[in-house]
There are 4 protein chains.
Amino acid sequence: MIKLGLVGAGRIGRLHAENIVYGIRGAELVTVADTLLNEEMEQWAYSLGVPKASKRVEDVFSDPEIDAVLICSPSNTHEDYIMEAARNGKHIFCEKPIGSNLSKIEKALQVVEDNKVKLQIGFVRRFDHNHKKVHDAVKEGKIGEPWLVKITSRDPQPPSVDYLKTSGGIFFDMTIHDFDMARYLSGSDVVEVSACGAVLVNPVVADLNDFDTAIVTLRFENGALGVIDNCRQAVYGYDQRTEVHGSKGCVWVENDRPNTSLVLTAQGTLGEPFLWFFVERYKEAFIAEIRVFIDAIEKNLDPPVDGMDGFKAVLIARAADESAREGKPVKVPKV
Amino acid sequence: MIKLGLVGAGRIGRLHAENIVYGIRGAELVTVADTLLNEEMEQWAYSLGVPKASKRVEDVFSDPEIDAVLICSPSNTHEDYIMEAARNGKHIFCEKPIGSNLSKIEKALQVVEDNKVKLQIGFVRRFDHNHKKVHDAVKEGKIGEPWLVKITSRDPQPPSVDYLKTSGGIFFDMTIHDFDMARYLSGSDVVEVSACGAVLVNPVVADLNDFDTAIVTLRFENGALGVIDNCRQAVYGYDQRTEVHGSKGCVWVENDRPNTSLVLTAQGTLGEPFLWFFVERYKEAFIAEIRVFIDAIEKNLDPPVDGMDGFKAVLIARAADESAREGKPVKVPKV
Amino acid sequence: MIKLGLVGAGRIGRLHAENIVYGIRGAELVTVADTLLNEEMEQWAYSLGVPKASKRVEDVFSDPEIDAVLICSPSNTHEDYIMEAARNGKHIFCEKPIGSNLSKIEKALQVVEDNKVKLQIGFVRRFDHNHKKVHDAVKEGKIGEPWLVKITSRDPQPPSVDYLKTSGGIFFDMTIHDFDMARYLSGSDVVEVSACGAVLVNPVVADLNDFDTAIVTLRFENGALGVIDNCRQAVYGYDQRTEVHGSKGCVWVENDRPNTSLVLTAQGTLGEPFLWFFVERYKEAFIAEIRVFIDAIEKNLDPPVDGMDGFKAVLIARAADESAREGKPVKVPKV
Amino acid sequence: MIKLGLVGAGRIGRLHAENIVYGIRGAELVTVADTLLNEEMEQWAYSLGVPKASKRVEDVFSDPEIDAVLICSPSNTHEDYIMEAARNGKHIFCEKPIGSNLSKIEKALQVVEDNKVKLQIGFVRRFDHNHKKVHDAVKEGKIGEPWLVKITSRDPQPPSVDYLKTSGGIFFDMTIHDFDMARYLSGSDVVEVSACGAVLVNPVVADLNDFDTAIVTLRFENGALGVIDNCRQAVYGYDQRTEVHGSKGCVWVENDRPNTSLVLTAQGTLGEPFLWFFVERYKEAFIAEIRVFIDAIEKNLDPPVDGMDGFKAVLIARAADESAREGKPVKVPKV
């Protein structure tokens, strides 16, 4: 039985906590820590049967009973917490992004390596039944050499302006998932990025020096090209499509719906809306990624999405950000 | 150049005439005859460039210039006109049904045989791109032995009560197409029929001693079972689906739509309505069946849907009618 | 916390047990009883953390700690066990069919009523996301008056001959689910059945005086017609489609697949096979039905699928069986 | 009856000629001219019933009987032939591209205007049932403000190397259709282009200083963004998808197939391959565009795709070409 501590009890932290308690065998959540711990959070932890709730993250990092930590705190704490966890010999599951400061990320990766702990980054889409199938078809050679990677990724509704103020910008907050997908699906690293952004959903976003709609062209090490289109608003639901076109064919996936019904009337044939957002769409994938993390610890395996994957996604995001601002293609540094 | 005469300038006759004039190479429509010929019909024929229009059907049957006739007159004239055409050495394309009086049909078939003319029955669905694919998949063994044949056939809206009064009943007028489809798709004759009818669309139909909704179960000579569901009203458009399930798999076809668009909004994903009715749905098939008829004449081939096919469909319809009225399965006589 | 006892630890019993242990909050499985209990079953129960395993079903029925029982034993025990449980004041979840002896079923229903316990029958498909949507669309009037109900239900592969020997026949074992679906989707009782069976999958089935392929036509109290097509073998996976056509439109659902991928090559566009069988297809529905049962106990609600629903499905199955054997439509007795 | 002359009897010229002879009422093809006229071409013209075939294009331009010309000769003749036709008072249907020399195109447009003849450019996709539906949905406001335009356009197989040597490059020869689509679907002009090309299909293309795979990002005057992905080879058939995402929803279209069949076996569910190439895919659209052209002449209407549309597509292609070669976004000059 792997004992886990959670650091950060916000939306994504709670989602993981509930999955562990109700959906994962062989793991036990023993402590929840959040620097903003309040009565509501304590009640929530209690209702889950988690024995300890604390305001001090050290209560997780230094607890000898705890085998592994889940870092779900704000992005700007990630590198530090990774290092603290690693130095205490804890295995680490860290939500994306791994960080924003390149040299701190590199240092954190070194500390992880030195302390021989496992680090898995929360790129949950790799565990999705649809995108995984695209990846597998490419890997198994079903479409020959990959030539074009296409990713559509649109949120149903924009986050709050408060959130946007500290999100780091669309490329670090939203597209970062797609940058990881691009590497995962193509089986190759990204060498150059050309990004084009616009403010179309909400004019306030321009004041934040951010974009809410973007198209990013990628050039891969293996010669393939890729394209991501993002928008912060898709009123019809979370739009998550991936596709790889190659020398022997093409593979793509459509969006998931809650059921396969078609209602046929004189107005046309009405299918269900798509699943609303990531909680619904990646429900199974969130469970699967923690299962894989627990498994990696138990069987001493390498996690399938490691710190270097987290680092590379940040490097691509930085290149995209620079490209969109300066109006030119930008090389991605090789690491 | 095959010279054709049309007998009966109603809806279906005009459809064929326009296809011949505008869509068929190698054939020429030289006379239109209709016992109810009026000024409007003459104008229509003139606008098509057809040289002769007549009130006397003999002007078609006895014209030495004419190679073949299209019989599109009311059903109760079919057997007589077939015989008249055959005795005059004309090849015959006859709309369904071939007739309603069994002994007259048998006699007509004999006259056709004696006069060595070709007779093709207008079972247009055999020439449809979708249903043909189901047939071909079965014939090529892609689904192994056929076990279950399923046909859904629903009209968008019921015909007028006037039409219903003389239609001969749902099994002779509407299901007769499906009876032919059943034989075509299964590659086997029907040996027993069990039908169940209801009046759900319009209560007036009950006064006519007819049904507007029906389910017909078929037992085929090769042991397979089949089922047809019919309804005189489907507000979402002409519903034309076929399916064959067998030992190695299944093949089915969906309805056609005018385009592949999906409009995605907060209400769901809206696809196009189905093509409205047979004119739209079987547009290409109506042209194809006449092309095949012309070809059969030119190259001296057997038409792919002949008089015996027309006769067998009538025999199944009679069995279905009896079954629905008497509440018991009815054997189909072997011919 | 509702305490449950399981009677019958075969395939379906274990499925429920594992769902309760891992997927249902608010319920606890405290005893497993099976008259054929062996070491392997004991190990299985132990691995689930179930405290007691017994060879005596009375250890469940008479245990004062137990609130409710799950009857997953062979069909011929169902009526007796229902009565025994009810007399001991236990709520009852009973797998389909509720029984096979009509007078015993009626007696069991009386005992249930007298003892004021809840009885839910395991018609799991009512809890499926697809079929539920068809039901809801009909109930909400989206398609107007229901006229035609269509159910396709085909198993991926036939059960063993040993199983078939005691299954009670295709209508009691397999179609019984569809008979319940027909009532659920139409919102109406079945008044007449006309069935047609064949042995196409395996000739041995004929020796058992059973069928492996069937088409059943239904007439509903509200005037609608229905049709079910069954086959014991569909090599492409479990085929579970439902449809209701009505005065204002139609609603149907397609089969579920493990993912939405399409692999496009020169050979065509290849989608995933359907989910293989009921374990995969109704995975969520099996959990949902037990949740509803627990909920009904906790909140003192009527279970949505009760003993009368179980009884009515058996009455339809008997009519279908008689109809198929005697070649005539058979009335369903009103209860 | 509009009398037409064809200039250029290559693949596309013959396609138009056959459509006019067999599929268009109200128009008559009276002369075919091709500077490379040979016996085979003469035979072809004769078989169509076209009275005159000539080696001299002047025989079309100067023939007083001719109302309108179809320019289907090599691209480098387009501007000159447009001017010659206009000066002779002929209406003009000119295949894409309108030309390659910007000042000559401008001059040709002036001559067209001065001579008050109609000029329609052969952007056939505007007349396609699918893409037209996307356009209409946008125009009717069904998706609100357009934000993202997505076009996938892949040929089934690359043209011959000989063809590629004189094609003008992928952006002028292939993507030019997509540039027009982008304007048509968005309802807005393109102001900036950023293109990224690669040679992945055939290394010989690199020697020609061309690309065979490309991603082009567009910025529209109305603020929207667009993206086109092209590839010269898609072994699964002509891939022609368009999509517009906006403030109130999204509209997209899928590829057409020859029929709706699904063959279900243990290997999966196999749908038909897509229609192979433009001849099959845009069969109806090729007829429709000529019908519209004839109609514009008869009713004195403006053609829906005029010379300025042709010119603008060339300007975007030039910007794309420069962008791909110099690795930077390029502005599209306003005209």
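How much area do chain D and chain A bury between them? In this predicted model, chain D and chain A bury about 3200 Å², with 67% of it on carbon and sulfur atoms. That's a handy figure to start with, since the size of an interface is often given as the accessible area lost when the parts come together. On the chain D side, Trp147(D), Leu200(D) and Ile215(D) lose the most area to chain A, and together they make up 18% of what that side buries.

Now let's count who touches whom. The contact involves 43 residues of chain D and 43 residues of chain A. Here are some tallies for the pair:

| Item, chain D and chain A | Value |
|---|---|
| Salt bridges | six |
| Residue pairs in polar contact (both at pLDDT 80 or more) | 15 |

One of the salt bridges joins Arg241(D) to Glu243(A), and their closest N and O atoms sit 2.8 Å apart.

Which strands of chain D are involved?

Finally, a look at chain A itself. An unreviewed UniProt entry places the feature "domain: Gfo/Idh/MocA-like oxidoreductase N-terminal" at residues 2–123 of chain A. Over that stretch, the chain is 41% helix and 22% strand, and the C-alpha atoms at its ends are 21 Å apart.

Key:
Residues numbered from 1 in each chain as written. Chains lettered and ligands numbered in written order. Predicted model: local features only at pLDDT ≥ 70, side-chain atom pairs only at ≥ 80, totals over all residues. Heavy atoms only, no water. UniProt positions renumbered as here; feature names shortened; annotations may be inferred. Helix = DSSP H or I, 4+ residues; strand = E, 2+ residues; numbered from the N terminus. Contact = heavy atoms within 4.5 Å. Buried area = accessible area lost by both parts, 1.4 Å probe. Salt bridge = Lys/Arg side-chain N within 4 Å of Asp/Glu carboxyl O. Polar contact = N/O pair within 3.5 Å; in protein donor to acceptor, adjacent residues only side chain to side chain.
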